[in-house]
Amino acid sequence: MASILTGAARVAHSAASNVLAAGQIRVGDEIPALSVKEDNPEQSFTLDLRGKNIILGVPGAFTPPCSSQVPQYIQDYDKYKAKGIKDIYVVAVNDAFVTKAWKDKLAPQGTGVRFIADDKGELTSNLGLIFDASGLLGSPRSKRYVIVAQDNKVQFIAVETEPADITVTASDVVLSQIG
């Protein structure tokens with residue numbers, strides 16, 4: 001009986017992830033104003049996307065690919081600021097305790113890069129950028145993507161074909177896309 005329920009749950013997770021990802025956000029679309037968290041797990045807010053901002057979606061805090069990708073954004077932070085970027089948001093479908101600990105590990109001296117917990121996956125789902133990672137990470141997670149947002153609208157978007165890949169979402173590639 002347990003294996004039947006487990007199998008049904010996996011199918012439901014996969015189906016839900018596929019349905020949610022069906023409507024992927026595109027250039028020109030408005031980014032939904034949905035609640036996320038940062039350092040305080042009891043305090044929700046919406047991303048302030050006035051001006052030009054970067055949203056980097058990653059499958060999971062502390063995973064090896066994500067932990068190798070994000071430091072380059074931290075290192076390049078001043079280059080982004082020089083190109084007129086107001087904020088860089090690293091968004092993971094994790095809770096705020098995890099994203100805060102990850103930020104502390106990756107940037108022990110501090111950073112202007114903001115680590116965001118999409119703890120319920122609502123933002124990621126509404127962007128159409130969720131996938132079923134239950135086999136490896138236990139639940140649906142964010143695809144690896146980057147959005148350049150201008151005044152709450154998608155100006156540029158790149159999504160990796162495979163979640164572990166870091167090609168079109170690498171910091172140097174994104175910097176070259178910003179005019």
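**Ground rules.** The model is predicted, so I kept local features to pLDDT of at least 70 and side-chain atom pairs to pLDDT 80 or more, while totals for chains, interfaces and linings use all residues. Residues are numbered from 1 along each chain as its sequence is written, and side-chain values use heavy atoms, with hydrogens and water left out.

**Aromatic pairs.** I searched the whole structure and got 2 aromatic pairs. Rings of Phe, Tyr and Trp (its six-membered ring) pair if their centres lie within 6.5 Å; planes under 30 degrees apart count as stacked, over 60 as edge-to-face and the rest as tilted. Y73 and Y80 have ring centres 5.7 Å apart and planes at 10°, so I logged them as stacked. Both Y73 and Y80 are buried (under 20% relative accessible area; exposed is over 50%, partly exposed in between, with a 1.4 Å probe and protein chains only).

Next I looked up W102 and F115, which are edge-to-face, at 5.4 Å centre to centre with 85° between the planes. W102 sits in helix 4 (residues 96–106) and F115 in strand 5 (residues 114–117), so this pair ties together parts 13 residues apart in sequence. Helices (H or I, at least four residues) and strands (E, at least two) are DSSP runs, numbered from the N terminus. W102 and F115 are buried too.

**D87.** I found D87 in strand 4 (residues 85–92). Is D87 buried or exposed? D87 is buried, with a relative accessible area of 12%. Leaving out residues up to four places away in sequence, D87 touches K52, N53, I54 and R114 (heavy atoms within 4.5 Å).
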